[in-house]
Amino acid sequence: MKKSNAKPAKISPELEKKIEELIGKMTLNEKVNQMLQLSYHALPAEEFNKKVEAGLQGSYLHVLGPETGRYNDGAASSRLGIMPMFGIDAVHGHALLHGATVFPSQLAMACSFDEELVEKIGLATAKEVAADGLDWVFSPVLCIGRDLRWGRVDETFGEDTLVVSRLGAAIIRGYQTDGLVAACAKHYLAYGEATGGRDAYDTEITERKARESFLPPFRAVVDAGCMTFMTAYGSIDGIPVMISRRYLREILKDEFGFDGFVVTDWANFQALVKRQYIAKDETEAAKLGVLAGNDMSMNTPEFERGCTEAVERGDIPMEFIDDAVRRILRVKARLGLLDGTRKRPDRSVIGCAEHEKLNYRAALESCVLLENNGILPLDRKKLGKVAVIGPNADDWRAQIGDWTFLSHPSPNPDAEPNDVNVTVLSGLRAALPDTEIVYEPGCVIEKEISDEESDRMMHAAIAAARDADVVVLVLGDDLAENGETKDRSDLTLYGRQNELARRISAVCQNVVTVMVTGKPLVLGEVKKCSAALLQCFNGGDLGGKAVAALLLGDENFSGKLPISFPYSTGTLPCYYNQYDYWHDGRYMDAPTTNLYYFGRGLSYSEFEYGDVKLSSDKISADGEFAVTVDIKNVSERDGVEVVQLYFRDLVCSRLTPVRTLIDFARVEIPAGETKTVTFRVPASSLGFVSEKYDNVVEPGDFRLFVSGDGEHFKTATLTVTE
Ligand code: BGC
């Protein structure tokens with residue numbers, strides 16, 4: 001793969017000089033407008049149009065390519081001619097634009113554990129965004145998906161800090177290749193950890209916990225050169241993050257050395273006044289937000305007056321304003337927006353064949369095989385009659401998920417799928433042209449239908465199953481159950497889906513269940529009814545094509561779960577790296593284990609792990625060690641294994657999780673061959689965060705675990721010496 005150039009290029013001395021000259025010339029009003037990002041939602045049309053003509057806005061959001069002309073014209077004819085940055089929620093492809101490539105959701109792509117793939121997705125997305133005339137993607141989400149009730153789990157890379165850090169840095173390297181677009185790490189900080197899984201609520205974590213679990217991904221992307229950050233709506237310990245000097249100025253900018261700019265989330269300056277009751281008016285809100293370290297206000301037009309007044313009153317020293325404007329102009333300089341050198345790929349790259357090919361690979365790698373009693377792969381020659389049943393079998397909306405042209409900026413019930421879109425049903429029909437395939441949805445997920453219609457659907461599906469040799473049952477959730485403000489109090493499958501699974505399995509032994517969902521749901525019933533079970537999350541436009549190829553064995557599975565599955569909603573949180581239980585288990589009415597663990601994923605290949613070897617069984621706290629394991633593909637099928645390395649401190653002065661992932665690798669292993677995998681680990685990875693916020697590695701014994709499924713381990717013991 002071509003080596004990417006994510007680290008923003010150094011700004012030339014001439015451009016640095018130009019930035020200072022601009023700051024010297026700018027009036028307060030010009031500076032404050034540079035710090036304001038607007039969408040057409042923010043103001044009545046007439047007022048908004050006046051702003052566009054005046055051309056002083058630092059940035060606009062949710063403008064799509066064909067509309068950028070008048071915005072650019074306004075800026076070009078303004079006194080200083082500073083061009084705006086166009087920001088867009090291109091979070092799994094430039095998917096708000098109809099016709100652009102819709103990749104699998106972030107959670108789906110995380111199943112690949114494939115940094116190279118994720119970087120390529122970032123690059124392809126950046127090309128499509130830049131070709132469309134835009135400059136800035138509000139991606140990636142670096143929140144940790146630990147509370148499955150939260151409506152935005154689909155947008156995360158899953159539950160593990162290391163996976164989120166590595167995939168987050170990878171996608172940013174892709175986005176920022178050769179300055180194609182600026183990435184935006186969001187939502188800073190701990191947004192997914194809101195109490196009760198309630199979007200945007202307060203977070204009950206300490207700074208020590210933040211440093212242990214939530215800050216590392218953000219630090220990793222500062223190191224990868226991420227140009228912008230977005231603050232979270234929520235608060236930590238009663239302080240909204242967007243007014244937290246501690247988290248924004250002291251930690252992000254001073255300690256981590258972040259030199260890009262920080263944008264708030266949607267109308268967050270206004271929320272300080274109207275929703276969070278923190279500031280008495282916009283002037284106070286501007287003072288709190290800017291002094292804390294926000295550089296740009298998203299969609300609070302009142303920020304213009306508030307910030308101007310706060311500066312005039314002397315509440316915000318001009319150096320803070322200049323610092324914010326300088327950070328914004330420097331990002332613009334890196335994109336080539338300040339000196340007319342902005343480069344844009346040709347529009348033909350949007351939805352191009354090369355991206356379709358990449359998307360297919362992404363869809364394949366994002367499917368996880370959870371169960372298989374041997375029924376898979378299906379044998380084309382012996383297949384007989386196939387019944388494709390279930391509400392998500394032919395629902396392209398549920399398959400592509402949130403943040404696409406059909407869901408944003410506002411829901412579009414009339415949207416048509418992209419031409420390339422393939423559902424599980426159409427994928428199977430295309431892959432099995434000579435096989436008889438019947439289709440029955442069986443039930444609905446959330447739609448209102450009459451009892452008679454509901455019974456009719458159920459009976460038609462049962463009849464189809466009774467008559468079939470194999471049932472492919474496609475269940476899940478839909479758009480109404482994923483996204484902002486769509487938190488769930490119950491993760492059981494909605495509607496009559498569990499009943500459908502039970503009744504289908506009563507009449508047909510060969511049920512292959514495919515879950516098309518935004519996030520993990522409670523799958524106990526479904527597991528009991530299935531001969532094989534696949535978890536696909538939102539696989540993007542080609543999700544159905546990938547499922548068909550995998551079911552038929554034309555392709556092999558390699559995906560692993562980046563997130564755990566609970567027994568019931570009440571057993572949350574279920575992430576794997578919690579503290580040990582010791583008081584006779586956790587619940588009197590539920591198992592203490594998960595239904596499925598982080599790391600699980602079967603394949604048509606079979607791998608045998610050899611013993612774990614260490615380069616040395618004793619090292620010093622500042623040393624490095626190597627962990628080596630031989631993995632043999634004992635099957636007749638070439639395959640890819642995601643090898644996971646975990647550790648646990650065996651005696652520690654603080655509680656430590658049962659296991660923590662410290663490295664992973666995707667390894668191709670041809671049939672019958674053995675590959676040796678070596679992880680080189682600095683001993684500092686074995687540390688914990690102390691009350692003084694240092695990373696401490698205590699001398700003593702550590703257990704190392706190597707695994708291919710997060711449940712079965714080969715282990716070795718390492719001693720860290722005094
Ligand atoms: C979301 C952000 C998004 C922004 C702009 C907010 O409501 O929290 O993730 O980037 O809107 O669309």
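The shell around the ligand contains seven nonpolar, two polar and five charged residues. In this classification Ala, Val, Leu, Ile, Met, Phe, Trp, Tyr, Cys and Pro are nonpolar, Asp, Glu, Lys and Arg are charged, and the others, Gly among them, are polar. The model is predicted, so that local features need pLDDT of at least 70 and side-chain atom pairs count only at pLDDT 80 or more, while totals for chains, interfaces and linings use all residues. Residues are numbered from 1 along each chain as its sequence is written, and side-chain values use heavy atoms, with hydrogens and water left out.

The ligand is surrounded by 14 residues, and the closest are Asp89, Arg152, His187, Tyr233 and Asp265. For His187, a polar side-chain atom lies 2.7 Å from an oxygen atom of the ligand. For Lys186, the distance from a polar side-chain atom to a ligand oxygen atom is 2.9 Å. An N or O atom in the side chain of Glu484 is 2.8 Å from an oxygen atom of the ligand. On its own the ligand has 310 Å² of accessible area, and the protein covers 96% of this. Accessible areas come from the Shrake-Rupley method with a 1.4 Å probe; for residues, only the protein chains shown count as cover.

Lys186 and His187 are joined by a cis peptide bond with omega of about -5°. His187 belongs to strand β5, residues 184-188. Helices (H or I, at least four residues) and strands (E, at least two) are DSSP runs, numbered from the N terminus. The peptide bond from Tyr188 to Leu189 is also cis, with omega near 20°, and Leu189 is in the loop between β5 and β6 (202-203).

His62 has a phi of about 65° and is placed in the loop between β2 (59-61) and α4 (68-76). His62 is buried, with a relative accessible area of 11%; buried means under 20%, exposed over 50%, and partly exposed in between (1.4 Å probe, protein chains only). For Asn299, phi is about 60°. Asn299 is in the loop between β11 (297-298) and α12 (303-312), and at 6% relative accessibility Asn299 is buried.

How values were computed:
A residue is near a molecule or strand if one of its heavy atoms lies within 4 Å of it. A polar contact is a pair of N or O atoms within 3.5 Å; within protein, one must be able to donate a hydrogen and the other to accept it, and residues adjacent in sequence count only if both atoms are side-chain atoms.
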